[in-house]
Amino acid sequence: MTQPIISCKQATKRYGRKAALDGLTVDIPAGRIVGVLGPNGCGKSSFFRAIAGLVTPDEGTVEVFGRRPGWRTNGDIAYLPDRARWYPNYTAMQAIEWGQSFLPGFDMETAKRLAGWMDVELDTKIGGMSRGQEARVLLILCLARDVPLVMLDEPFAGIDVMSREAIVSGIIDHLESRDQTMLISTHDIQEVEGLFDYTVMMDRGKAIWSGETDDLRAEYGSLRDVFRTMYAKEWKR
């Protein structure tokens with residue numbers, strides 16, 4: 001593998017007695033769509049926050065673009081955190097205009113195109129939207145940025161199936177014209193497994209498998225079957 005875009009070496013982050021990351025060691029190649037998979041509480045969100053420089057490992061290292069995460073790297077990362085919400089009094093268009101004013105690499109035409117693909121009405125206030133519609137607006141703010149790394153942490157949590165299909169369709173259409181690395185964390189695989197060409201499986205703050213998704217499927221079958229098989233093995237230990 002060439003120089004990884006993200007490299008973790010024995011990264012550990014504790015909150016009291018609980019280790020959110022426990023010696024996490026993984027390299028992620030550039031230019032891929034990466035599924036970061038695992039059950040709730042396995043460390044996916046802590047991994048993303050460490051890449052974004054929002055938390056610092058107590059032990060070990062995390063590097064992105066060959067550097068320690070921080071203000072020098074954050075302008076090149078579009079990050080959608082878990083359970084993100086937006087200001088309810090803004091319309092979708094006002095949110096997009098905010099993105100154009102403040103987010104590096106933000107492209108207004110891309111944002112409007114994504115809104116069309118995802119059936120987002122730009123004059124609707126966020127407070128009047130369903131959870132799925134609001135999630136689409138937040139996703140637009142990330143995907144409209146022309147930056148090397150996009151991270152979406154559980155973007156489908158609490159969203160209905162129809163909204164998930166619209167979001168996945170928007171991601172697929174978007175990626176056809178971009179050279180980006182995208183990390184998507186999820187514990188709900190069925191609707192999104194076709195997106196991933198590289199996979200990291202996490203459990204208890206560790207990477208228990210990482211590599212080409214096709215290699216994983218060749219050994220176990222579909223990612224849904226992988227999920228069942230891999231975590232059944234881990235929880236028996």
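1. The sheet. Six strands make up an open sheet, and reading across it the order is β5-β6-β7-β3-β8-β9, with mixed pairing. At the edges sit β5 (77-80) and β9 (206-212), each of which pairs on one side only. From one strand to the next, the twist averages 15 degrees. Keep in mind while you look that this is a predicted model.

2. Strand β7 and its neighbours. On one side, β7 runs parallel to strand β3 (residues 33-37), and five bridges join the two. If you want a landmark for that pairing, G35 stands opposite I184 in β7. Strand β6 (residues 149-153) is also parallel to β7, again with five bridges. There the pair to look for is D153, which stands opposite S185 in β7.

3. How buried is β7? Six of the six residues of this strand (residues 181-186) are buried, so β7 is largely enclosed by the rest of the structure. In a regular strand the side chains alternate between the two faces of the sheet. For β7 that gives T181, L183 and S185 on one side and M182, I184 and T186 on the other, and all of these are buried, so both faces are covered.

4. The β8 and β9 end. Strand β8 (residues 198-203) and β9 are antiparallel, joined by six bridges. Here T199 stands opposite G211 in β9. Helix α7 (residues 213-220) lies across both β8 and β9, and its direction makes an angle of about 100 degrees with β9.

5. Strand β1 (residues 6-15) pairs with strand β2 (residues 18-28) in the antiparallel sense, over seven bridges.

6. Two backbone angles worth a look. Most residues other than glycine have a negative phi, and most peptide bonds are trans. Q10 is not a glycine, yet its phi is positive, at about 50 degrees; Q10 lies in strand β1. F65 is another residue other than glycine with a positive phi, in this case near 55 degrees. You'll find F65 in the loop between β4 (59-64) and α2 (71-74). At 24% relative accessibility, F65 counts as partly exposed.

7. Helices α4 and α6. Two packed helices are described by the angle between their axes and the distance between the axes. For helix α4 (residues 108-117) and helix α6 (residues 161-175), the axes come within 9 Å and cross at roughly 140 degrees. Angles over 145 would count as roughly antiparallel, and α4 and α6 are therefore oblique to each other. The crossing of α4 past α6 is right-handed.

8. What meets what in that contact? From α4 come T110, L114 and W117, and from α6 come G170, D173 and H174. By type, the residues of this contact divide into two nonpolar, three polar and one charged.

9. V137, buried or exposed? This residue, in helix α5 (residues 131-143), is buried, with a relative accessible area of 2%. Leaving out residues up to four places away in sequence, V137 touches A92, A95, V120, I126 and M129. For a sense of scale, V137 and L54 are 83 residues apart along the chain, and their C-alpha atoms are separated by 23 Å.

10. S45, and which residues does it touch? Residues up to four places away in sequence aside, S45 touches D82 and D153. S45 belongs to helix α1 (residues 44-51). With 17% relative accessibility, S45 counts as buried, the cut-off being under 20%. The C-alpha atoms of S45 and G127 are separated by 26 Å, and these two residues are 82 apart along the chain.

Key. Residues numbered from 1 in each chain as written. Predicted model: local features only at pLDDT ≥ 70, side-chain atom pairs only at ≥ 80, totals over all residues. Heavy atoms only, no water. Axes fitted to C-alpha atoms, helices over the stretch in contact; angles between N-to-C directions. Helix = DSSP H or I, 4+ residues; strand = E, 2+ residues; numbered from the N terminus. Parallel < 35°, antiparallel > 145°, perpendicular 65-115°, else oblique. Left-handed = near helix turned anticlockwise from the far one by under 90°. Contact = heavy atoms within 4.5 Å. Nonpolar A, V, L, I, M, F, W, Y, C, P; charged D, E, K, R; others polar. Pairing = 2+ DSSP bridges. Buried < 20%, exposed > 50% of the residue type's maximum accessible area, 1.4 Å probe, protein only.
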